[in-house]
Amino acid sequence: MSTPKLHAPSHRHRKGMLPALLAGGLAASYLLPYFGVLSPYVQLILISVGVNIILTSSLNLVNGYMGEFSVGHAGFMAVGAYGAAVLSVNVLPYGAAAPWLFPLAIVAGGLAAALLGCVVALLSFKTRGDYLAIVTLAFLMIVKSTLENLDVVGGARGFLGIEKLTTLPWVVAWSVATIWVIRNLVHSRYGRDIQAVRDDEIAANQTGVDTRRAKVLAFSVSSFFAGVAGGLLAHHLQFINPRMFDIAKSTDMLVMVYLGGIGSLGGSILGATIYTLLLEALRPLGAFRMMLMPLMLVLLMLFRPRGIMGMREFSWLLPACDRDAREAAASDVDKDGKA
Amino acid sequence: MCLLEIQGLTHRFGGLCAVSDFNIKVTEGELLGVIGPNGAGKTTLFNLITGVYRASEGAVLFRGSDLVGRAPHEIVKLGVARTFQNIRLFKELSVLDNVRVADGVHAGYGAMDALLQLPRFRREESSGRERSMQLLERFQLDEYANTQARHLPYGLQRRLELARALATRPKLLLLDEPAAGLNVGEVDRLMDLLREVREEFRPTIILIEHSMRFVMRMCERLKVLDFGTTIAEGTPEAIRSDPKVLEAYLGEETPR
C-alpha cells in the first residue's frame, strides 16, 4: 500500500469543492428562479427530477443494497404525501408561518411512512425474495384502498386545497439530504451489514450481523425518504388522490433504480435524471413514448442487466477515507502497470 | 480450563433425531476433530452451537453461560465463529469488506455517529479498516483487498472465510470441512496455516473433516458421530483401529 499522504493535495482540493458545489447549487436554485432566469417549465422539470432522485435512491437502499424486491414504495410515498398534507392543511397555521413549518410537515409525513416501513420490515424477518415482493404488493394495495375509503382525506376523489409550499430550493435541499444520509449509512458498518444480508443472510448472521436490525434500518430509512418525496409532491401539485400512488408509480421507480444501477447512489441520481428528462423530451411522441421507454428497459436488461452504474460508485460520492483507499489502490495498479 | 461444555444435547427434525445426547468438554486451546459418515449430524452440531437451530434438549455452556436460545449474532459477539462446508462469502462485497463486516461486530460507534460522520465514527472506521487490512496481509489476501469476493479462486475463498471468522475475534472457532475441495498441496498449506493461526490467535478449534490425513495430523482428540450418536472418542491412533468406527464407515464384516 502506498501512503495516503501522497494523495493529500488532490484530495484536499476536492474535499472543499463538493460542499462549495452543493452550497452553490442551493443558492442557484433559489436565485435563478427569483431573477426569472429559469422558466417555470424548467423549474417544474427540475422539481420532478429532484423528487425522483429521492424516490430512486431510497428504493435502491432496499432493492439494491439489501437485495429485496420491494414494489410497495409508492405506498410509503402515499403515506408521506397524505400525512404531510393533512398536517399542513388541518393542523399547522396558514399564512406567513406556513413556509417555516413546512419541513415539520414533511418530516412528520416521512416518520409516518417509516413507521409502516418498520411493519414491513417485521414481515421480512420471515419471508424473503419473491414472497416478500408479494407482501410489499399487498401492502401497497392496502394503503391505496384505505385511502380510497377514508372520507376525511377525500376518499377516491382526492385531497384538495394543499398550499403550494414546495419550491426548488426545498427539493434540492431534501435531495442532497437524502443522498447524504443514505451514503453515510451505506458506507458504515450498518450499510455493510445490509449488504451482507443481501449476499448471504445466514452467513451474515453467523458473522455477527444483527440481520433484523439491518432489515428494520433499511426499510425504515428507505420508507422515510419515500414519505418525504410524497410530502414534497403533495405540496407541489397541491392535489393528491390515491390513484397517483398505484403499482404504476412503483414501476416507474423500479425502472429508474434498475436503469441507473442497483447498489449505487450515483446510479440512482443518473437513473432518475435520465428517465425524467427522457420522458419529458419524448412527450411529442405522445402514446409512443410509453412503448419506447419499456423497449429501452428490455434492451438495458439484455445488455447491461445491472444498470448504468451497477454496484459501482462515483468517487465523489464516497466518504473521504474510502476515497483515499480507492486512490491508493488505483495508484498501486498504475505503478504495477509501469513496472 | 474448560471453554465449552455440551450436556445432553439433542435435536430432532420432526421424527428424525439428528443429534442425540451429545456430551463433550473442550478445554481452552484444544483442537478437537469431529468425524463421521455423511448425515451423522456433524453440521447440525455446529448449527446448534451457533444458534442456527435451537436445541430440543440439553445445554451448550460456553465459558459458563448457556448458548441455547441466544440469537446467532449474540453468540458471535460472545466469541464463537465458524466457517461453512460450502463456502458462504458475501460475494458482491470486496474481500476487504467481507472482513470488515466481521470486524464491525466490535465497532464502538452508533448510527448517529455514522449519519453525522462524527469523529468517533471516522476513528473507529479507520482503525477497523486497518485491522482488517492487517488480517488480509496475514492471510496473503491483501493484494485482492478491492476485488469482489466472488472473483477469488476457490482456494483463496476458503482462506478468506477463515480470515473473516477470525476477524470477529473468536475464542472458539468452528471449522466445517475446511479442506473440502482442496487438492493435496492446498491441504498441506491449509495445515500450515492452521498451525500458525493456533499459535498467533490461540483459538480453541472444533473441526469437522472427511480428509483422514488432515484429521490424523491435526487433531489431538477425535469424536466420531454416526446417526446422531457418539460412537467413539479418543486419540486419532485409538480411533483408527476402533471396530465401531470401521463398521460405521465401511459396514459390518460379513462371513464369506
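Across the interface of chain B and chain A there are 14 residue pairs in polar contact, counting pairs in which both residues have a pLDDT of 80 or more. On the chain B side, helices α2 (72-78), α3 (95-103), α4 (111-115) and α5 (119-138) each supply at least two residues that touch chain A. By class, that side of chain B has 18 nonpolar, 7 polar and 10 charged residues. The model described here is a predicted one.

The contact between the two chains takes 35 residues from chain B and 33 residues from chain A, and the rule finds 3 salt bridges across this interface. A salt bridge joins the side chains of A:D200 and B:R88, with N and O 2.8 Å apart. The area buried between chain B and chain A is about 3000 Å², and carbon and sulfur atoms give 56% of that area.

Within chain B, the assignment gives two parts, with domain 1 covering 2-89 + 152-191 + 198-250 and domain 2 covering 90-151. The C-alpha centres of domain 1 and domain 2 of chain B lie 27 Å apart, and 19 residues of domain 1 of chain B are in contact with 21 residues of domain 2 of chain B. Between these domains the rule finds 2 salt bridges; B:D103 forms a salt bridge with B:R169, where the closest N and O atoms are 3.8 Å apart. The count of residue pairs in polar contact between domain 1 and domain 2 of chain B is 6, with both residues at pLDDT 80 or more. On the side of domain 1 of chain B that touches domain 2 of chain B, α2, α6 (154-167) and α7 (184-201) of chain B each supply at least two residues, and α6(B) gives the most, with 9 residues. The residues of this side of domain 1 divide into 11 nonpolar, 2 polar and 6 charged.

| Interface | Buried area | Share from carbon and sulfur atoms |
|---|---|---|
| Chain B and chain A | about 3000 Å² | 56% |
| Domain 1 of chain B and domain 2 of chain B | about 1800 Å² | 66% |

Confidence is described here for chain A, which averages a pLDDT of 88, with 92% of its residues scoring at least 70. Among the elements of chain A, helix α9 (residues 211-237) has the highest mean pLDDT, 97, whereas helix α13 (residues 320-338) has the lowest, 65. Over residues 1-13 of chain A the pLDDT stays under 50, and the model has 15 contacts beyond four places in sequence for this stretch. Residues 335-339 of chain A also have a pLDDT below 50, and that stretch has 1 contact in the model beyond near neighbours in sequence.

How values were computed: Residues are numbered from 1 along each chain as its sequence is written. Chains are lettered from A and ligands numbered from 1 in the order in which they are written. Side-chain values use heavy atoms; hydrogens and water are left out. Contact means heavy atoms within 4.5 Å. Buried area is the accessible area (1.4 Å probe) that two parts lose on being put together, summed over both. A salt bridge is a side-chain nitrogen of Lys or Arg within 4 Å of a carboxyl oxygen of Asp or Glu. A polar contact is a pair of N or O atoms within 3.5 Å; within protein, one must be able to donate a hydrogen and the other to accept it, and residues adjacent in sequence count only if both atoms are side-chain atoms. Helices (H or I, at least four residues) and strands (E, at least two) are DSSP runs, numbered from the N terminus. Ala, Val, Leu, Ile, Met, Phe, Trp, Tyr, Cys and Pro count as nonpolar, Asp, Glu, Lys and Arg as charged, and the others, Gly among them, as polar. pLDDT is the predictor's confidence in each residue, from 0 to 100. Domain bounds come from an automatic or database domain assignment.
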